[in-house]
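I set out to record what could be looked up in this structure. The entries run from the overall chain to single residues and their partners.

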Amino acid sequence: MPTSEPKSAITADRARFRAGDVAFPALTDSTPIGRVGLEPEYFPIFRDQDGRPAGRVPLQNPAAPGVLDVLDEMACDEAEFGSRRGGPVGPWEYRLADGGRITFEPGAQVEHSTAVYPSAAIALGDVQRVLGCLRSAFLDRGAVLAAAGMDVWHDVASVPQQLPFGRYTAQAAYYERRGTWGRVMMRHTASLQINLDLGPEGVWQERWLVANLVSPLIIATFACSPGEGGISTRAHAWQQLDPSRSGFPEGLMTGDAWDPRGQWADAAMAADVMLFRASDGSWAPGEPGFDFGTWIRDGHPEFGWPTEEDLDYHLTTIFLEVRPRGFLELRAGEAVPDELRAAQVVLVTSLLYDDQSRRSAVERLEPQRHRLPELWRRAARVGVGDSELQDMAVAVWEEALRGAERLGDDIGSEALVATKRFLERFTFRGRTPADELRDLLDKDPAEALAWAASDGGSS
């Protein structure tokens, strides 16, 4: 909570130190170095008798089963699904027996946060197993779970913000003060986030650098949200909605490449304050242009000065392409159909975890560090249809593929085959999943939905 006493507020030096320390904690003897966690999201979509999209399934629906009704019944029918948690003062979630959980985005997108696993192969297997349970329950009610970077079948105006909790309502209000892209991001996009360990001293700095450098190539390769702005409308939304908290740390592009803590601390101080929490527990949206550093220096006429608690919460509202949280949360990836998911996880994981692949990526991509914003925007528009981006992607992913082969059982033979198939089907041909999805949409929206729902679409 903010304080009315400046002497009780967090200082700029303390805030910078804490921001860097929370993001990149000091290494201990028990620090894990090679685990994988995944966070895939899906759009629940009704289908009519001809298989055409017939509206998004809302979280709660008095006239017909909503998303929460489906999962409440699963909590009774499936032993691994626990009962719903949360209520009027907090978001809803369902805990899974393996340590994962099911949560929701503001447009009722279903998110599966897996447990943290010792390998990509095990994490991918868990995603497919849980998705199978979810998919069966929704099919029984005439709906599918579609995996794409954006809901290309419905207008965002038809999907309201459905999380009636302080953070989400204040966040939506803050974004509205910046324009219309916030509602698109919150209610109409779906991602595949990959969470990887930092690793030991000397390695975590390289992993942070490579994770950022490869972000445009992840978009260029796996884009799956075609629209007027290009092949990744999801990435375009992030590029437009709030430049103070998205993209890349300024210090990474222009300063010392090997100072992750300083880069993140600077970014945290420069990010606008999205939310204020009042003493009565209510939330209020921030004003664009009022950053955390200004709050420390000048205070706020209504909310006083920030405390350490306010800083910690502020850090959860920064959405750079890579978010360090004691691990690396890679946020560039888009939701893709089942047969394409493994390639994204395998290539990204192998690039960071295989030492040879990672060092090769540093050598090849570090000279482009200052160009990250330009490459990020080009990736969203044309992806590997851009000859330079394709050349970079082919070189980097071929090295990552060799890394995946070196990692062996941690990747698994099935995922490795799927990755090779993806590169041959898309990247080597200068195409992305978005190109295939657009072709199907032009042909028949029902076929496009079947493709995204992985139930017999074109391959």
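**Entry 1. Overall dimensions.** I began with the radius of gyration, which is taken over C-alpha atoms; the globule rule is 2.2 Å times the number of residues to the power 0.38. For 459 residues, a compact globule would have a radius of gyration near 23 Å, and the chain has 21 Å, which agrees. Along the principal axes, the C-alpha atoms fill a box of roughly 65 × 55 × 45 Å.

**Entry 2. Basis of the values.** I noted that this is a predicted model, in which local features need pLDDT of at least 70 and side-chain atom pairs count only at pLDDT 80 or more, while totals for chains, interfaces and linings use all residues. Residues are numbered from 1 along each chain as its sequence is written, and side-chain values use heavy atoms, with hydrogens and water left out.

Entry 3. I found 19 helices and 14 strands in the chain. Helices (H or I, at least four residues) and strands (E, at least two) are DSSP runs, numbered from the N terminus. I then looked up burial: buried means under 20% relative accessible area, exposed over 50%, and partly exposed in between, with a 1.4 Å probe and protein chains only. Buried residues make up 59% of the 459 residues. For contacts (heavy atoms within 4.5 Å), I took the pairs at least 6 apart in sequence; 74% of these join residues at least 24 apart.

**Entry 4. The nonpolar core.** Which residues have the most contacts inside the largest nonpolar core? They are Ile102, Phe104 and Trp397, in a core of 149 residues. Such a core is a set of buried Ala, Val, Leu, Ile, Met, Phe, Trp, Tyr and Cys residues joined through side-chain atoms within 4.5 Å.

Isoleucine 102 belongs to strand 5 (residues 101-104) and is buried, because its relative accessible area is 0%. Beyond its neighbours within four places in sequence, its contacts include Leu71, Phe81, Trp92, Tyr94, Leu96, Val110, Val130 and Leu134. Glu93, Glu111 and His112 are also among the contacts of isoleucine 102. As a distance check, I looked up valine 346, which is 244 residues away along the chain from isoleucine 102; their C-alpha atoms are separated by 23 Å.

**Entry 5. Helix 13.** Helix 13 is mostly covered, with 15 of its 16 residues buried.

Serine 350 lies in this helix and counts as buried, because its relative accessibility is 0%. Setting aside residues up to four places away in sequence, serine 350 touches Ser357, Ala400, Gly403, Ala404, Leu407 and Ile411.

**Entry 6. Salt bridges.** How many salt bridges does the structure hold? I recorded 44, where a salt bridge is a side-chain nitrogen of Lys or Arg within 4 Å of a carboxyl oxygen of Asp or Glu.

Arginine 141 pairs with glutamate 73, with the closest N and O atoms 2.1 Å apart. This pair links distant parts of the chain, 68 residues apart: arginine 141 is in the loop between helix 3 (120-139) and strand 7 (143-146), and glutamate 73 is in helix 2 (residues 67-77). Arginine 141 is partly exposed at 25% relative accessibility, and glutamate 73 is partly exposed at 37%.

Arginine 52 bridges to aspartate 48, with 2.9 Å between the closest N and O atoms. Both are partly exposed: arginine 52 at 41% and aspartate 48 at 28%.

Entry 7. I located arginine 371 in the loop between helix 14 (355-365) and helix 15 (372-382). Is arginine 371 buried or exposed? Arginine 371 counts as buried, because its relative accessibility is 16%. Its salt-bridge partner glutamate 374, with closest N and O atoms 2.9 Å away, is partly exposed at 36%.

Not counting residues up to four places away in sequence, arginine 371 touches Arg378 and Glu388. The side chains of arginine 371 and glutamate 388 are joined by a polar contact of 2.8 Å. A polar contact is a pair of N or O atoms within 3.5 Å; within protein, one must be able to donate a hydrogen and the other to accept it, and residues adjacent in sequence count only if both atoms are side-chain atoms.
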